[in-house]
Amino acid sequence: MSNERSFTAFAWNVRDGLADPKTASAIANVVAKIKPAIAVFGEAAPSPESVDVATNLFFRDGLRYWTAHALYNDEDDRLDRHGLYMIASRAIFQRPERFRAAGRTCMSAVTLDGELGFVGMHGFDRDQSTKGGHDKKRIRQMKEVVGHLGEIGVAKAVIGGDLNSMLPNQRIGRMLGMAVPLTRLLPYKNPREQQTATERFGSLANRLSQMALGGPITYLQSQGFIHADPEARGTMHFGPIHADLDHFFGWNVEMNEFTLHPPESLSDHDAISVMVRY
């Protein structure tokens, strides 16, 4: 590419870790080593005020970041509240903006030259209204994310975060995807509702099997987006299951040096980073 520019992107589902000062400090240490130009944190913290400590930590090394936090504010009134947090280098990106996709808050930031748009997001892990509609809702969410990129008029794009979807052609995805008809028969309840052990198992099995369908990923690939990790390594670890839920997808860019960063007990997800050249 002529006049090539590059930056490091980073994403991590931190399981409300930015709300706790001690955990936020440990997360900031990981970020300080990598020094990404842009980073998105899913399940960052349940309120904007609780990320103040994290914001101060991200500034401690003299890096000049835009920062933004927003609650998901899901339209289906889900019972567990989370927030999305983004940091973006002021030397490379314009101020991040919030937008809605299928009733959930996402964030985008455009490079100073207006050429590339980055979207940070967290894919729905369920549709509160139905057992079998989770994947369809994530597809609708992704279509609206791609639509947003079209609206802001960028020629190149990167989408990153916990998409709650697996590449459907991978072994774990195929195995879990085949179980979809069976998991719909299991008892099921939403988070924070009183559940029996069987209902908890049914909820997890149903959600994982729906994630394995990979609808949003199939849609992105149909639109010309390329996956950053050719190996599609697992990023969320639940016992013997290592599911590839966290991703970067690029459009009209080159992505190299995709890296998994072990969570070191800070989350049940690995952090991910990638070098973007455009």
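Good morning. The structure is a predicted model, in which local features need pLDDT of at least 70 and side-chain atom pairs count only at pLDDT 80 or more, while totals for chains, interfaces and linings use all residues. Residues are numbered from 1 along each chain as its sequence is written, and side-chain values use heavy atoms, with hydrogens and water left out.

A word on terms. Helices (H or I, at least four residues) and strands (E, at least two) are DSSP runs, numbered from the N terminus. Two strands pair if DSSP finds at least two bridges between them.

Angles run from 0 to 180 degrees between N-to-C directions, with axes fitted to C-alpha atoms, for helices over the stretch in contact.

Within this sheet, six bridges join strand 1 (residues 6–13) to strand 14 (residues 271–277) in the antiparallel sense. Alanine 9 has valine 274 of strand 14 as its bridge partner.

Rings of Phe, Tyr and Trp (its six-membered ring) pair if their centres lie within 6.5 Å; planes under 30 degrees apart count as stacked, over 60 as edge-to-face and the rest as tilted. By this rule there are six aromatic pairs. In one of them, the ring centres of phenylalanine 41 and tyrosine 85 are 6.1 Å apart and the planes stand at 45 degrees, so the pair is tilted. Phenylalanine 41 lies in strand 2 and tyrosine 85 in strand 4, so the pair ties together parts 44 residues apart in sequence. Are these two residues, phenylalanine 41 and tyrosine 85, buried or exposed? Both are buried, that is, under 20% relative accessible area, where exposed is over 50% and partly exposed lies in between (1.4 Å probe, protein chains only). Together with Phe10 and Trp12, Phe41 and Tyr85 form one aromatic cluster.

Strand 5 (residues 97–101) runs antiparallel to strand 6 (residues 104–110) over five bridges, and arginine 100 stands opposite threonine 105. In their hairpin, with two residues between the strands, alanine 102 takes a positive phi near 55 degrees.

The axes of helix 3 (residues 134–152) and helix 7 (residues 215–222) come within 8 Å and cross at roughly 35 degrees. Which residues of helix 7 does helix 3 meet? They are Gly215, Pro216, Tyr219 and Leu220. Those four, and Ile217, are buried in helix 7. Their cover includes helix 3, strand 8 (156–162) and strand 12 (246–251). Finally, glycine 224, which follows helix 7, has a positive phi near 95 degrees.

Key
Contact means heavy atoms within 4.5 Å.
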